[in-house]
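This report looks at a few helices and their surroundings. Keep the structure open while reading.

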Amino acid sequence: YYSSCVGVEEHHAVDIDLYHCPNCAILHGPSLMKKRRNWHRHDYTELDDGSKPVQAGTRTFVKQLRARSFPSADEVILKMHGSQLTQRYLEKHGFDVPIMVPKLDGLGLRLPPPTFSVLDVERYVGGDKVIDVIDVARQADSKMKLHNYIKYFTNPDRPKVLNVISLEFSDTKMSELVEVPDIARKLSWVENYWPDDSVFPKPFVQKYCLMGVQDSYTDFHIDFGGTSVWYHVLWGEKIFYLIKPTDENLALYESWSSSVTQSEVYFGDKVDKCYKCVVKQGHTLFVPTGWIHAVLTSQDCMAFGGNFLHNLNIGMQLRCYEMEKRLKTPDLFKFPFFEAICWFVAKNLLETLKELREDGFQPPSYLVQGVKALLTALKLWMKKELVTEHAFEIPDNIRPGHLIKELSKVIRSVEEENSKLVKTQGILGVCSTSRSSHETTSPHHSRRRVRKLRDHATKTPSNLDILELHTREVLKRLEMSPWEEASDTTSSKLNGRFNKPSSTVPDWRTKDNDLRLLLSNGRIIRDERRPFTDRSLYTADSEDEDDRTRSKKTTVKVEDQSSGFEGEGNADAQKPLNMFFESVKSELRNGSSEYSDISDSEESEPDCTTQQKDSSTEELESSGDEEKVTSNFKEESKVTRDLSQNTHKPSRSETPSKKECPTSTSTEEEAIQGMLSMAGLHYTTGLPGHTQSTDCTDKRTSLQEHRSYPRSRHKDRQPSQSHKTVECGR
């Protein structure tokens, strides 16, 4: 008979020895029940001759378990505040040990008040909902209506110990009262990767209500699919017995689970250490992937919990799933559509890895290892002899063969890059700062938030990166050292300053700076530049032109009339631009370059990789301007040649006047013009009180002088003039 038809609960049916139907019960009385003959066996009708061992869950077992002594879980668990438990923390330190959070604050976990009772559960969920109930003494599962269980729970006279651990309420009104912890929601595969238009029903495993009476016991197990789990005790108390998922322990667990004497052997005795963790009212416990655990309800208890898959332990999750298949675990106790979500995750992680590589970032090691494990599992499921078994859970919008091929290609590329980075680890010391070194000093600001996985990594500096560092150093020199010395009066001061437009700089100050070119966010705000006709400083053809004219140029000594100091220019043979890049690269590798000390105070985090990313952005912006510059040079080439023919070489004693070459500048100013020109920017300044001291034909020589400009000269002059310079915001 169906128990509902004859008014007998399913868990009561096993206790009936001789059933009397309602009609016969009138004549012969109620059904005859089985007689109890022991308290330590699942079948309590067995004779107690003392020859058979105690089985898990029985009254004798629970009494012995309470009397046992265990090492404290404080040796392995991590206690922290809810606000410290973040995705970034787990990505850096891993999620390999249980985490205990004593208070709700900072977890993002929303729950009913502790006065919430089992009657309230019935009101929100509905008394007619059929739930799974565990008969603890027999360790057997049965069905029951929620109303009947609540009636049992509220009755002080309980003939049995019944436990509810699998009431998932996401599709009920009670779901509105509970919000899962932020960390579980952010890491969850189902929340992040399950598509809304999937033909498979979305797995609901994140909101469970656990109601257990005193002495309820769940034997050692690994949560389905290797999921991680969070538990919060609303009222009452639970005791967890935790075992590490080492290779040895997992092998022992699989052997124990498949044994016919499983219930007679306490698994905690088979392993090296089994830790005892008491979870009291208001405490929240996070159990990571693969941890083997048993649970004892030491007093009547209501708890909330949830399971979630994530990227931090993909290999262990797949290992647990394969173990479930070997143990022939019923589908009822497995993660719903586990293989389908693995295909969804593989597709999304492929995009994530491609984006990380495009952005120049190295994927975190846990993600690379996880994707490799996932790729191995996908290949296994697609083998000819197994494909029919696994084909059902392959989503329609995914091409398995293509996805596996693309994942293999990306993983191969990542491993090749890793091997190169290992070889050059000691060379790239300038930009080898890792994310962990700034973990406690600066917040994490992701450049692109297309995916939630971002990590910092080393990046080889390009030519434009080196040029940017060099240009910044020249700008720093111009700000920190004087252009001229005031020999007569203190009125001759530097008017041309390089200030970045900022909200902190007053309007009167930006006007007083007399800037010729003002940029903001890559757009020209003010442009008062004069055309510059020396094309050799702009185009790549300058190297060839220098080779043709090198023999015609002589060394020029420049005497600055207004500043009062002489700059001797020794015109060495100009090296190609590539040689300059290589020299700066060697300085960067040796860690001795003055450019390595440059830091951008306006960046949100002091990371060298951020500077490089900014430089790559400048590279994109400047590439479009170079074509315009080259076209202008062709028009000005004729003027340049005429000007070059008419110039003459000044002697050492000769003092050129301002009228002789109105467009010429000082040596250092020419250098910055050259640097900005190679970055794709036209820039010409005319300092009002500054006498131009060299003619137009000597600009290349001046650029050479600046490249070989000794640092000692700059450092020696700087202290004597430091009182004349005012440091301004970058």
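Predicted model: local features only at pLDDT ≥ 70, side-chain atom pairs only at ≥ 80, totals over all residues.

Helix α10 consists of residues 247–257, and its buried residues are N249, L250, Y253, W256 and S257. These residues lie on the same side of α10 because they cover an arc of only 125° around the axis. The exposed residues D247 and E248 sit on the face turned away from the buried side of α10.

## Packing of α11 and α13

α11 also packs with helix α13 (residues 365–381), at an angle of about 30° and with the two axes 7 Å apart. Angles under 35 degrees count as roughly parallel, and therefore α11 and α13 are roughly parallel to each other.

On the α11 side, the contact is made by I314, G315, L318, Y321, E322 and K325. Their partners in α13 are G370, V371, A373, L374, A377, L380 and W381. Of the residues in this contact between α11 and α13, 9 are nonpolar, 2 are polar and 2 are charged.

## Helix α12

Helix α12 covers residues 338–358. How far apart should its ends be? At 1.5 Å a residue, the 21 residues of α12 should span 30 Å, which agrees with its end C-alpha atoms being 30 Å apart.

Of the 21 residues of α12, 16 are buried, so the helix is largely enclosed by the rest of the structure. G360 follows α12 and has a positive phi, near 85°.

Methods. Residues numbered from 1 in each chain as written. Heavy atoms only, no water. Buried < 20%, exposed > 50% of the residue type's maximum accessible area, 1.4 Å probe, protein only. Helix = DSSP H or I, 4+ residues; strand = E, 2+ residues; numbered from the N terminus. Arc of directions from axis to C-beta. Axes fitted to C-alpha atoms, helices over the stretch in contact; angles between N-to-C directions. Parallel < 35°, antiparallel > 145°, perpendicular 65-115°, else oblique. Contact = heavy atoms within 4.5 Å. Nonpolar A, V, L, I, M, F, W, Y, C, P; charged D, E, K, R; others polar. Expected span 1.5 Å × (residues − 1).
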